Every structure is written in structure tokens, then in C-alpha cells.
Amino acid sequence: MRRSVSVAVLITVVVLGFAVWGARNSGVAAQGKAQNAEVKIDNFSFGPAMVTVPAGSTVTWTNHDDIPHTVVSADDPKAFKSKVLDTDEKFSFTFTKAGSYSYFCSVHPKMTGKVVVQ
Amino acid sequence: MAGKEKDELLHDHNHDRIDEDGIDRRGFLKCMAWAGTGAFCVIRGGVLRSYSFSRLPALDPKEMAGELSFAQISDSHMGFNKAANPDVAGTLKAAVDKINGLTVAPEFLLHTGDISHLSKPEEFDAVQQILKAAKPQDVFYVPGEHDVLNDDGKDFLDRFAKGSKGAGWYSFDKKGVHFIGLVNVMNLKAGGLGSLGHEQLEWLEDDVKLLKHSTPIVVFAHIPLWSVYPEWGWGTEDSAQALSYLKKFGSLTVLNGHIHQTMQKVEGNVTFHTAASTAFPQPAPGKADSPGPMKVPAEQLKSLLGITDVNFVRGQQALGVVDSTLE
Ligand SMILES: [Cu+2]
């Protein structure tokens, strides 16, 4: 009886320990790997049109045109949506989940781009 | 491919190819009036006559005056203040002066959208204030994409399209001519063009169902309802369906804005026309990296901005669309 209880306790401690260690480790790894990216809006286009970043990274768009643009997720429901960006205004979004995120300018829908989160 | 089509259109603008009497012997004409120039096209007895702007002063004013006269302005972009035009209020005032100076006073105005640059209340206010000085006091608006940037265009609807259907479409009659204002700047899809949408198309089909085929129709909307240059989004993806409901009418005139330059295409009984902006010019299709505002020397600006004046003469079966620059 006594022995089996201590084994159970030991297993619990070991499992908990692993869980804590694992969480810390992945947290450190994600933060360490996060690579923020910049996308320029210039001449009615997103440049680069595709960016690939690790999960946890923040992407920032800056409008360099004389015309307002938006950055809007093409998915339903929308993963993100900027307000209207006038000249020199910025929009940032932090991508926490892996996946492929297509987006466009809702004012000029010919303008499209993609963020791939790994 | 697109470039080749564009060149053909450009060549078609060469009015020198039309015989001295103004009759296009090929029976088909696309007159494209680039910014700063203009063309006056009249359909009379089924024959299209085209007059270059330089010949206009020689025309009898009575020939141009109609039973119904109205003017179109577009793309006033109030709030824009960049190098391409730091004074869009000043050029809108110049457009009002131009309208007030027309030989035949227009009965009302159409504004084909992009009233404001950023949908701000003070931008809408400024345009309404400036247009109070226009002799025609009735103004019919449709929204441009710059007018519906916030709250799905609710402010636009409240101010400019009270009592309209859906996102702001409506129709009305003036002296036997049926006018239809359409909205093609809402719910645009990634990678797509202007869009009318199912609900509006159904309304349109219903709206014209009981009209006689002899009723002249004028359709106005912001983004061109013909394929001007899809690469820059200068077209409407479901415009063909809209036109299919309208082609049975003997006289159909389609007035648009959005591309900040005058352009005209005549196909059978349908005349497509885009108006100049009152704010800033944009490049000819494909002639720049992007359709952004075109910076020109200050002294040239007013020659690239303008208004459009439309005259309808029932007895003569004539409909004239005339562009004037703000110079
Ligand atoms: Cu845009």
C-alpha cells in the first residue's frame, strides 16, 4: 500500500516537472524564434507580397502611398482587420497560431498579400 | 494581351479617321477622350456623329441645348492634401464656377462618388457647403470607396442617400428619362473588381421591368461598369448582368467616375462615359506603376480636372456628353 502511494506521488511529481519544464522551454523557444516583419504598402501593392514568420511574430504594415489603404484578412471570420491607413500610418498584428493568412486592401481589392506563420 | 487591346482603344480615339461630315463610316466608334481633350458624340437617326472639342464653338448652341440638361461631377476627394493637389476645395469651387457658367443651365447635378478622401464628417460637410453655391440645387449622389471607409457607409447613407435601397441604390425620373444610381463599392472581395451584388441586381431587374423600351436610361455609379483596365481594378465584376437588363432600351447612357480621367466608349445604343475628377488626375491605364495620384506642374492641373455636361434632346433623338476642363 505505502509503496504504491509513493510510486504514484513520484510519477505525479515527474509528470508535473516535465509539464513545467516543457512549458517554459516552448515559451522561451517561441520568444527566441519570433521574427517581426515589415510590409511596405507602396504603389498600390504590398511588399513583400508574402512574408513567412514563426508563431509569435508581429507583422507591421506601413502605408507609403498618397492614397489610403487597409489590411484586411480574406478569411471568414476575419483573422484581423486594420482601420483605414492614411499616408504613413501603420498597422501591426501578432500572429500566435501557425497557418496561412491571406489578406487584401478592402478599398483596392486587387491589392493582395499573404502571411505564412510556421 | 491587355496592352494590345489598350492600344487599339487608343487608336480608335483618333477622330481624324472619321469622315469630314462627322459620320463614322465603320458604324462603330469608341471615342476615348483623354484628360485635357474632349469629344462630343451625338446619336442622330441611328448615325453617330462625333465632333472634336475644337469644333464645338462653331456648333449652334441650340443644337447642344436639350430638353433635359444635367451635369456630372466626380471624385472631389475632399480632405486630400498631397502634392498632386494641395487645394481640392479650391478646384471643387472652380468646378462649381464652371457649372454656373454653362450656356444651358443644368437642372441638377450627379456626383459619382469619392466625395471625401477619408469618409470624415468634416470632409462631407465641406463638399455640401461648396456645392451650395451651384445654381442647380438638387444633387444626386452615389458613393465611392472613399465614402464608405467606416461603419459600412452609414454616414454616407444618412447624408446623401436617404430613402435609398440597400447600400444606397435608387432610381428617379426626370422629363421622361429614367435615372438609376448604383453602388459598386461595397463588400469587395480579395483580388476582385467593383461589385453590385445579387440583391442590387435583383432590384435593378425589377426597377426597369415595366418601363417602355423607348425610355431613355441613364445609369450612374462610381467604378466603371465596363472593363476599362481590370489590372488596376477599373471595372465591375457583375456589370454584364446589370447591362443585360438594360440593353433592350433604345438609349442607354452609363456615367462613371473613379479613374480620374475622361474616357468614352459607344457600343450600339450604349454610351459609356467616365468623368474627370475635380481633385487630381490619375495616369492613363497601364501608363504608370500604379493608379495613384499623378503629379503635374501646378499650371497644368486645371487642364486635367473637369466636369461633364449631358444634354438630352428628345425630338432629335440626341444625347450629348460634353467634358469641360476647369481651365
Ligand atoms: Cu488600397
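Buried area is the accessible area, computed with a 1.4 Å probe, that two parts lose on being put together, summed over both. In this predicted model, local features need pLDDT of at least 70 and side-chain atom pairs count only at pLDDT 80 or more, whereas totals for chains, interfaces and linings use all residues. Residues are numbered from 1 along each chain as its sequence is written, chains are lettered from A in the order in which they are written, and side-chain values use heavy atoms, with hydrogens and water left out.

The area buried between chain A and chain B is about 1,600 Å², and carbon and sulfur atoms give 67% of it. On the chain A side, A:Asp66, A:Pro109 and A:Lys110 lose the most area to chain B, together 35% of what that side buries. Contact (heavy atoms within 4.5 Å) joins 16 residues of chain A to 25 residues of chain B. Between the two chains the count is 1 salt bridge, a term that denotes a side-chain nitrogen of Lys or Arg within 4 Å of a carboxyl oxygen of Asp or Glu. The side chains of A:Asp66 and B:Lys295 meet in a salt bridge, at 3.7 Å from N to O.

Within chain B, helix 6 (residues 198–208) has B:Gln200, B:Leu201, B:Trp203, B:Leu204 and B:Val208 buried, where helices are DSSP runs of H or I with at least four residues, strands are runs of E with at least two, and both are numbered from the N terminus. Buried here means under 20% relative accessible area, exposed over 50%, and partly exposed in between (1.4 Å probe, protein chains only). Seen down the axis of helix 6 of chain B, the buried residues fall within an arc of 160°, so they line one face of the helix; the arc is that of the directions from the helix axis to the C-beta atoms. On the other side of helix 6 of chain B, B:His198, B:Glu199 and B:Asp206 are exposed. The cover over the buried residues of this helix includes strand 6 (170–174), strand 7 (177–181) and helix 7 (239–246) of chain B.

Strand 6 of chain B also holds B:Lys174, whose side chain meets that of B:Asp138 in a salt bridge (3.9 Å, N to O). This pair links distant parts of the chain, 36 residues apart, with B:Asp138 in the loop between helix 4 (121–131) and strand 5 (139–141) of chain B. B:Lys174 counts as partly exposed at 22% relative accessibility, and B:Asp138 counts as partly exposed at 40%.
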